[in-house]
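Welcome! Please open the structure in your viewer and keep the selection tool at hand.

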Amino acid sequence: MTMSLKPASYSSKTFMYLLAVYIIWGSTYLGMKIATETVPPFLLSALRFFAAGSMLLIIGYLKERSIPTGRQLLSAIFVGVLLIGIGNTTVALAVHYMPSGLVALMVAAMPAWFMGLDWAFFSKKRPSLLTALGIVLGFLGLFLLFNPFSAAHATRNFPLWPIIVVVAGNICWATGSLFVQRLPMPAQMTSTAIQMLAGGTFSLLASALLEPGAWDTLPEMSQRGWMAYVYLVMIGSLVGYTSYSWLTRNAPPRLTATYAYVNPVVAMFLGWAIGHEVIDSMVGISAAIVIAGVVLMTLKK
């Protein structure tokens with residue numbers, strides 16, 4: 001589906017959803033960090049999106065009174081596996097092993113994947129020189145942040161292999177987001193609910209294969225962990241993901257991708273203030289470079 005939006009069509013509703021994605025998603029990194037202290041990440045994601053998806057499916061049916069066709073159902077399942085089953089769950093896995101703020105910075109490079117995949121497989125629109133410079137700058141910042149050859153790397157107490165996991169998740173997330181406007185999708189809320197349930201099912205299967213004994217951890221979950229879980233379901237999923245889903249269908253991909261400006265700042269601040277994560281000078285410099293790259297990538301939008 002081709003979409004053409006004039007500047008006047010950027011309504012207050014569009015910016016309201018953008019603001020929700022900007023702030024709420026920035027806070028979910030710490031929420032996942034806290035919740036996965038006890039419950040493994042794949043099981044957490046499955047429980048989170050089954051709960052949110054079930055509630056939203058009921059709300060969507062009551063409000064929209066729409067039954068999806070077979071093609072619409074398959075499209076929503078496909079997008080849900082890419083966005084939630086792989087894209088979101090890989091982030092939950094990464095924050096279990098790494099500081100939440102650093103994972104948020106890796107996800108901040110999302111516009112690079114959006115534009116690269118859009119150019120290669122979708123719109124065939126070549127990135128401008130400024131956008132290309134932003135992509136290079138963003139990845140330079142990430143290299144400085146995780147440089148395995150630096151002296152700072154020797155003092156870190158977390159592994160680097162989750163970087164590969166997050167990159168794979170980012171690619172799947174960007175691909176799913178680009179497909180949304182090109183596939184026959186169900187009505188808005190119903191579509192989002194199906195995506196959550198499909199992603200939750202994928203995460204549950206992954207948990208069964210990769211997390212033996214995961215269900216035994218639920219009785220051990222602390223009050224703080226349950227509070228984080230409820231926040232992820234009610235705010236992070238129902239409000240945040242629903243807002244993002246609306247944007248993928250009603251706003252240009254490059255506008256939607258600008259949430260990467262604010263998310264890492266919110267995540268790093270909360271990780272420092274609440275999660276006691278360390279932000280040293282190199283992290284600060286690298287973060288500034290990454291965010292500057294993201295700004296250049298989407299400056300014209």
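**Stop 1: a serine in a helix.** Before you start, note that this is a predicted model. Select helix α2, residues 41-64, and pick out Ser-45, which lies in this helix. Is Ser-45 buried or exposed? Its relative accessible area is 2%, so Ser-45 is buried, the cut-off being under 20%. Now show what surrounds Ser-45: setting aside residues up to four places away in sequence, Ser-45 touches Asn-88, Thr-89, Ala-92 and Ser-203.

**Stop 2: the nonpolar core.** Next, select Trp-25, Tyr-29, Val-103, Phe-146, Trp-173 and Tyr-259, the residues with the most contacts inside the largest nonpolar core, which has 81 residues. Which helix gives this core its largest share? Helix α1, residues 12-35, does, with 12 residues. Then centre on Tyr-259: beyond its neighbours within four places in sequence, Tyr-259 is in contact with Val-21, Tyr-22, Trp-25, Met-110, Trp-173 and Tyr-244.

**Stop 3: out to the surface.** Finally, select Met-55, Ile-59, Val-230 and Met-234, which make up a nonpolar surface patch with about 310 Å² of accessible area together. Helices α2 and α9 (223-250) each supply at least two residues of this patch. Click on Met-55, and you are back in helix α2. Met-55 has a relative accessibility of 31%, so Met-55 counts as partly exposed, whereas Ser-45 is buried.

Key:
Residues numbered from 1 in each chain as written. Predicted model: local features only at pLDDT ≥ 70, side-chain atom pairs only at ≥ 80, totals over all residues. Heavy atoms only, no water. Helix = DSSP H or I, 4+ residues; strand = E, 2+ residues; numbered from the N terminus. Buried < 20%, exposed > 50% of the residue type's maximum accessible area, 1.4 Å probe, protein only. Contact = heavy atoms within 4.5 Å. Core = buried A, V, L, I, M, F, W, Y, C linked by side-chain atoms within 4.5 Å. Patch = residues over 30% accessible without salt bridge, like charges linked within 9 Å, V, L, I, M, F, W, Y side chains within 5 Å. Areas by Shrake-Rupley, 256 points an atom, 1.4 Å probe, with all protein chains shown as cover. Salt bridge = Lys/Arg side-chain N within 4 Å of Asp/Glu carboxyl O.
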